[in-house]
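Please keep the sequence and the structure at hand while reading.

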Amino acid sequence: MTRDMVRESQVEEENITPRLQMVAWEITRSCNLFCAHCRSSSTAGAYENELSTEECLHLIDGILEVGKPVIILSGGEPLLRHDLFQIAKYAVEKGLRVVMGSNGTLITEEVAAKLKTIPISRVAVSIDFPTPELQDKFRGKAGAFQTAIAGIARLRQAGIEVQINSTITRLNVRYLNGLLDLALEAGAAAFHPFMLVPTGRGRGLEAVEMSPEEYEQTLNWVYDKQKGLGNRIFFKPTDAPHYQRIVRQRGSRADPQGVLLGEKSATKARKDALNSMTRGCLAGTGFCFISHRGRVQGCGYLDVEAGNIRDKNFGEIWMNSTLFRELRDLSNIKGKCGICEYKGVCGGCRARAYESTGDYLEAEPYCIYEPITLRKNR
């Protein structure tokens, strides 16, 4: 039996049973930078009608009724929220693992010490260029690079894990090796290249968005680097679900649920949502996003509302919203993604499909792969 026949014979589950692994929570939209790619078009100053402290604590209780996912506190810049430490501490005391996404520029020694006391398990710092001039220009503020690097050092000194996030476009794809070196030198636990989804201010970068062929080259670069580095650092390409297909094409495992590159062990990977290779698109199945005003979405880039926690409790939205129920039924996926033999492990980026076509169930527009069924019909 040929390898293609093996793949074609695999029967994927059409309905995915939801298991909430991670919640990205935009705890504030305020930010001290003006980044070119910002999905939320965040600016400085207060945003009206953000969730109150009481609403935030109530939301944590609602999440706990569903499970114990990793909570990712993001923004904007979460450190601009006055009650951040109170909210994070409440979540940790309730048994949740809490991490934070930050631009790194506001992390003083005092802030790092407070984060450790909570404790925040990991802080992801966004670095898109390995040089000050380019990073500062992209982030919209002089000194952004140096203050972020200093913030990373303070986090490491405080004993907090650091992750480096980089949004990849044609502007910086040639600096990937430099960004990886920076992450290794900083002692980062993980390096996450984000494939741009042009939402918010990121729509202004559509002219420099990579082509599908360049996406494929970049994801193969990730595979090669991860294979060479082993467990020195963990890679997790984000907004690129077809990486799961690349791993299976190039690797030796045919099992769609098999252990992937960079996982120290299958057991550890299943227990650690931050250090495991999951299904490609997790929107509505293992992941969701909550906005600063309580709007629940599949992810921060998929600008479709599943519900608002001010109107319904979180568990009701997670289990029964129309959006999430549609995303869990893989028979709803259209175009070549709907007939692809990798549908169960990839699923295509629903946000990129939505931005390109207005339909979040349409085919992923940045994948060059042709499914076996399509090739046979041709």
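With a relative accessible area of 4%, below the 20% limit, T285 counts as buried. Beyond four places in sequence, T285 touches I16, P18, R19 and L20, and also W318, L327 and R328.

**Confidence**

The model is predicted. The mean pLDDT of the protein chain is 87, and 85% of the residues reach 70 or more. Over residues 1-12 the pLDDT stays under 50, and the model has 20 contacts beyond four places in sequence for this stretch. Residues 253-271 also have a pLDDT below 50, with 34 contacts in the model beyond near neighbours in sequence.

β3 pairs with two strands, as the table shows.

| Strand paired with β3 | Sense | Bridges | Residues standing opposite |
|---|---|---|---|
| β2 (residues 70-74) | parallel | 3 bridges | I72 and V99 |
| β4 (residues 122-126) | parallel | 3 bridges | A124 and G101 |

How does the chain get from β2 to β3, and what is the handedness of this crossover? The path runs through helix α3 (residues 84-93), and the β-α-β crossover is right-handed. From β3 the chain goes on through helix α4 (residues 109-117) to β4, and this β-α-β crossover is right-handed.

**I164 in strand β5**

I164 belongs to strand β5, which spans residues 161-168. Is I164 buried or exposed? I164 is buried, because its relative accessibility is 0%. Apart from neighbours within four places in sequence, the contacts of I164 are V125, I127, I152, A183, A188, A190, F191 and H192. One of these, I152, is 12 residues from I164 along the chain, and the two C-alpha atoms are separated by 9.3 Å.

**Helix α8**

Helix α8 runs over residues 212-229. It has 18 residues and reaches 26 Å from its first C-alpha to its last, close to the 26 Å expected at 1.5 Å a residue. The buried residues of α8 are Y215, E216, T218, L219, W221, V222, Y223, Q226 and L229. After α8 comes G230, which has a positive phi near 60 degrees.

N220 is found in α8. The side chain of N220 reaches the backbone oxygen of E216 at 2.8 Å, and E216 is one of the buried residues of the helix. Leaving aside neighbours within four places in sequence, N220 is in contact with I246 and R250. N220 and I246 are 26 residues apart in sequence, and their C-alpha atoms are 7.2 Å apart in space.

How values were computed:
Residues are numbered from 1 along each chain as its sequence is written. This is a predicted model: local features need pLDDT of at least 70, side-chain atom pairs count only at pLDDT 80 or more; totals for chains, interfaces and linings use all residues. Side-chain values use heavy atoms; hydrogens and water are left out. Helices (H or I, at least four residues) and strands (E, at least two) are DSSP runs, numbered from the N terminus. Buried means under 20% relative accessible area, exposed over 50%, partly exposed in between (1.4 Å probe, protein chains only). Contact means heavy atoms within 4.5 Å. pLDDT is the predictor's confidence in each residue, from 0 to 100. A polar contact is a pair of N or O atoms within 3.5 Å; within protein, one must be able to donate a hydrogen and the other to accept it, and residues adjacent in sequence count only if both atoms are side-chain atoms. Two strands pair if DSSP finds at least two bridges between them. A crossover is right-handed if, with the strands pointing away from the viewer, the path from the first strand over the helix to the second runs clockwise. The expected span of a helix is 1.5 Å times one less than its number of residues.
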